[in-house]
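Q: Hi! I'd like to walk through this one with you. Can we start wherever you like?

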Amino acid sequence: MSEDDLNHYILMNAMVLFFCAIIPLGDNMIKIDKTFFNTKTDRKKTNSVKHDMKPKGKVPDNLIPMWVADMDFKVPPQVEEELVKTSRHGIFGYSYTDEEYDSLVVSWYKTRFGWDIEPDWILKTPGVMFAIGSVIRALTDKNDSVMILEPVYYPFAKITIGNDRNLVISNLKLDNNRYVIDFEDFEHKVVKHKAKLLLLCSPHNPVGRVWTKEELLEIARICLKYGVIIVSDEIHSDFVYKGYRHIPIASLSEEILNSTITCTSPSKTFNIAGLQVSNIVIENQDLRRKVWKACLQTGYSSLNTMAICATKAAYKYGHLWLDALMDYLEDNVNLVQNVLCSKSGITLIRPEATYLMWLDCRNMNLDQDNLDSFFISKLGLWLSSGSIFGESGNGFMRMNIATQRSVLHEALHRIDMEIQ
Ligand SMILES: Cc1ncc(COP(=O)(O)O)c(C=O)c1O
């Protein structure tokens, strides 16, 4: 980003703080404010996993889907505009990521996180989990140990087991309503199982932690000491609330950079997960070559046309939309907190990042199956069951609040009516 661009960005940011984001689009000015995010979107019959799929069993007609991690908001207007332009072109031959693509990714990380990455370090893959699977196959052998910190995004466990690796779990500790890493247990298990990889979720889904510099340094100290490669999944890094700062673990030192694989993507941030794109940052040339070889072995070669188009538009024009979105989401979090603070049955683990609320429902004294069916059948709310994130998630539910305020109000009203 040039100095002029940066000044423009700072000025526009100031405008968001005082008014709202005004985005020029063709001859129009589009306002990105509460009204934009409040506008109802109908996602039914769009092959939406979240809206068109149904949970097992009998479900009420008025079921509100608040499970899988995508948002009910439209993408930034310029992203939509660029996708329409590309689709109107009407030819969809093979595409490749050009220099502009790389420089937009580089400048996003520089502007938002102060992290300097080089274009050569970026591998483009059709998703973070595709990349993590390739990393596992590239850098470990059958039965090697892979560490995860549970409760955590459940595909970490699935992909490890699915690739015949030994899954090693260190449970996070819930300390005063905030999850922390049990470093003693973590180090002990790294040594005992001779772990080769750590799959780190940073910020953490589902518990909403933004790991501090001290925590990241301690993770890195242990991993460097025992030769564990860090795979840092930073897909939620753009969703950090006021008062917290996401630090890419690889940005902390040359040594850490050299043994870290950072998984990034515009997909969660801009609600384009269906376009399947991720940018995997690997500075270490040897690791990068091995991971890329494993990607090629699947038959994959390049991103799809729409993913390239949307990523470029999002990273070029998406700053103001994202800042306005974060204000909106923070108000949604406050709303959840306000309703739940009078409930003895449910406690919100206040998220430092992500739009995924981790609800401690253990005081409701229901086993997980009954808890899941209480939310679906009695409340008409489809949340993610806590147990899928690991045994330590039993008694919890994960609620996706990236939806219109009116929908969230209705969901909270149902909770308010039925739960003490
Ligand atoms: C932590 C985390 N990693 C990865 C993914 C999925 O990424 P992708 O669709 O790029 O595989 C998700 C989706 O919810 C996620 O929460």
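Q: Great, so where does proline 151 sit?
A: Proline 151 is in the loop between β5 (145–150) and α7 (155–162). Helices here are DSSP runs of H or I with at least four residues, strands are runs of E with at least two, and both are numbered from the N terminus.

Q: Before we go on, what kind of model is this, and how are residues numbered?
A: This is a predicted model, in which local features need pLDDT of at least 70, side-chain atom pairs count only at pLDDT 80 or more, and totals for chains, interfaces and linings use all residues. Residues are numbered from 1 along each chain as its sequence is written.

Q: Thanks. What joins glutamate 150 and proline 151?
A: A cis peptide bond, with omega about 0°. The peptide bond from asparagine 205 to proline 206 is cis as well, with omega near 15°. Proline 206 lies in the loop between β9 and α9 (213–225).

Q: What is the phi of asparagine 143?
A: Phi there is near 70°, a positive value in a residue other than glycine. Asparagine 143 belongs to the loop between α6 and β5. For background, most residues other than glycine have a negative phi, and most peptide bonds are trans.

Q: How many bridges join β9 to β10?
A: Five, between β9 (residues 197–201) and β10 (residues 229–233), and these strands run parallel. Leucine 200 has serine 232 in β10 as its bridge partner.

Q: And the sheet of four strands, what's the order there?
A: This open sheet goes β13-β14-β17-β16, with antiparallel pairing. Its edge strands are β13 (347–349) and β16 (384–385), and each pairs on one side only. Two bridges join β16 to β17 (residues 396–400), antiparallel to one another. Across from serine 385 stands methionine 397 in β17.

Q: Now helices. At what angle do α6 and α11 pack?
A: Helix α6 (residues 128–139) and helix α11 (residues 285–296) pack at about 115°, with their axes 8 Å apart. They are therefore roughly perpendicular to each other; angles under 35 degrees count as roughly parallel, over 145 as roughly antiparallel, 65 to 115 as roughly perpendicular and the rest as oblique.

Q: Is that crossing left-handed or right-handed?
A: The crossing of α6 and α11 is right-handed. A crossing is left-handed if the near helix is turned anticlockwise from the far one by less than a right angle, and right-handed if clockwise.

Q: Which residues meet there?
A: From α6, Ser134, Val135, Arg137, Ala138 and Leu139 meet Leu287, Lys290, Val291, Lys293, Ala294 and Cys295 of α11. Contact means C-beta atoms, placed from the backbone, within 7 Å. By class, the residues of this α6 and α11 contact are seven nonpolar, one polar and three charged. Ala, Val, Leu, Ile, Met, Phe, Trp, Tyr, Cys and Pro count as nonpolar, Asp, Glu, Lys and Arg as charged, and the others, Gly among them, as polar.

Q: What about α6 with α7, how do they pack?
A: α6 and α7 pack at about 40°, with axes 10 Å apart. Met129, Ile132, Gly133 and Ile136 of α6 make the contact with Pro155, Ile159 and Thr160 of α7. The residues in that contact split into five nonpolar, two polar and no charged.

Q: Last topic: how many residues surround the ligand?
A: There are 13, and the closest are Ala69, Gly127, Val128, Met129 and Tyr153. A residue is near a molecule or strand if its C-beta atom, placed from the backbone, lies within 6 Å of it. The shell around the ligand has seven nonpolar, five polar and one charged.

Technical notes. Two strands pair if DSSP finds at least two bridges between them. Axes are lines fitted to C-alpha atoms, for helices over the stretch in contact, and angles run from 0 to 180 degrees between N-to-C directions. Two residues are in contact if their C-beta atoms, placed from the backbone, lie within 7 Å.
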